[in-house]
Structure formats: structure tokens, C-alpha cells
Amino acid sequence: MPNRSFNHILNAVTSPSFYNVYVNLPNEESQLDSYISDNPKFFPYFEGAVGALDGTHINARPSIQDRPRYRNRKGLLTQNVLAATTFDMHFCYILSGWEGSASDGGVYHDARVHDLSIPEGKYYLADAGYPICDALLVPFWGVRYHLREWEKSGLW
Amino acid sequence: MYNLRHSQARNVIERIFGVVKKRYSIIRETNDFPQETQAKIVSGCGVIHNFICTFDPNDEVDPWEDEANALQDGCDQLSGGTGDIHGAETRRATEKRETIAQAMWLGYQAELQRRGVM
């Protein structure tokens, strides 16, 4: 039965013995990625960055009684997934299963309380929907630039 | 300038979401599996993505090639519901960001001067 093999494989790839081999968090010894260190626009400014972190909505079909919680701000039924990636495009953290109505900040908080450990002095780049704190580097609020002005210089 | 470079550097997370959503139709479509399985599928696709990157780095997907799959992320500008970040840490983090932005700006000015633009 295809359904059973599907579950079987899904359980296998998400079991710690497989999952933890391919998805693991940077630690104190992790080297700064060349994506940052080789780009003078990023280095040395982002030398403490170990990756980037964001939330995304994945379509979901929850049971009828659960639907209100899964409805996101756009009215769609989704789960809110928090993920972090290293600069070489490997996932280093995924927290799935939060209902679509959950706030990004709330999901992040849950992750931090549980298993998202971030080495001291290091941080992830995140967007302005996340709180400003030691482990995240976020943009300034409401600052816009005239892109063309910067483009001309070729420096930004 | 800080925000621009920050968003450029942060682009990897948007790219990786794009790659996964493009590569796995199961992520784009809904299914009738129990909620727990639906959550597991997302983690499963993530780990398989890493597996492929490790063993077949040439198997690349261009996430922006087909805009139809454009992410429905949007900019999430929700106020965070985190309870444990307070005064001292917020101040410290704000200062760190300010320092980085300052350094970038000075570096930029210096580079302009070097090139004789100013």
C-alpha cells in the first residue's frame, strides 16, 4: 500500500538518526561562511552571522474544529513554519506544525525555549517581524532607501 | 544601507524556501494526512533538501525561474509575542545593530573618498 510506504519513509527521514545527521545547528566552532567573508559589503559587518531565519506559511488542511486556529492573516489555512538556513543553503533548523494564526515572534520564542540554541555572540539575520535580541540581527523599522542612488555607486 | 545589505544577505532564507516549494509539490498542495503528518512532511522535505545538497550539489533548482510558485510569505510584520526579551538585552542588541550600521556607513564613505567621488 503506497500510503504505508509513504509513512514509513517519512518516519525514517524525520527520525533523529537520519534527520540529525543532515540538519544541525551551527556551534561555537562553525566557521564564518565565505558568502559573508568574501563579500566586502557583508564583511566584517556581519561577521557574527551564522545564517538567516524566517517563517513561511505552508498550506494545510486541518480538521474542522482546528480550522480557526490555522487560518492565517490572509484567511488561508496554513501551518506557520520557522526555518533557519546557513549561508551555503542548508537548513539548520526547522520547526513545523504551528498553526497559521501563530505570530512569527511567538513561534521563534517557542523554538528558543525548546531546541533552537544559538552560540553566544552569534546571530541569525531575520526580518523586522522578529524581536530585536542578542541572537537575531534585524533591520531598522520603516527605513527606505532610494535604490537607484545606491546602485549608481555600485557599492551597496 | 544597513537595511539593504541586511536584506541581501538574508536573501538565502527566501531562496531556500523558494527551492523547496518549487521542488516538492507536496509542500504546495494540501493533503488529508493527519496534522502531525502534515507537519512532519515539511521537516522531511527540509532534510531531503540537505541530503541532496550534500550528495548532489549540482542538482540545483532556480527558485525564481517560475514566478507562479512565488511564495506567499509576504513581509511578516507581526509584533513578536516573545516574553523573555527585556530592557538590557533589547538595549544591547539595538546598540550592536547601530554599531554595525555605523561601521558600514563609514566604510562606504571611505570607499567613496578613495574613489574620488567626494
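Two residues are in contact if their C-beta atoms, placed from the backbone, lie within 7 Å. With that in mind, select A49(A). Leaving aside residues up to four places away in sequence, A49(A) touches I36(A), Y123(A), Y124(A), L125(A) and L137(A), as well as A9(B).

Some ground rules come next. This is a predicted model, in which local features need pLDDT of at least 70 and side-chain atom pairs count only at pLDDT 80 or more, while totals for chains, interfaces and linings use all residues. Residues are numbered from 1 along each chain as its sequence is written, and chains are lettered from A and ligands numbered from 1 in the order in which they are written.

A residue is buried if 20 or more other C-beta atoms lie within 10 Å of its own, exposed if 12 or fewer, and partly exposed in between; C-beta atoms are placed from the backbone.

Now select chain B. Its pattern along the sequence is α-α-α-α, with four helices and zero strands. Helices (H or I, at least four residues) and strands (E, at least two) are DSSP runs, numbered from the N terminus. Of the 118 residues in chain B, 25% are buried.

The average for chain B is 83, and 83% of the residues score at least 70. Residues 68-82 of chain B have a pLDDT below 50, yet this stretch has 36 contacts in the model beyond near neighbours in sequence.

Go to helix α1 of chain B (residues 2-23) and pick E14(B). Is E14(B) buried or partly exposed? E14(B) is partly exposed, because 19 other C-beta atoms lie within 10 Å. Then draw a C-alpha to C-alpha distance from E14(B) to P63(B): the two are 9.1 Å apart in space and 49 residues apart in sequence.

Last, show both chains. In the model, 59 residues of chain A are in contact with 62 residues of chain B. On the chain A side, β1(A) supplies the largest share, nine residues.

Notes:
pLDDT = per-residue confidence, 0-100.
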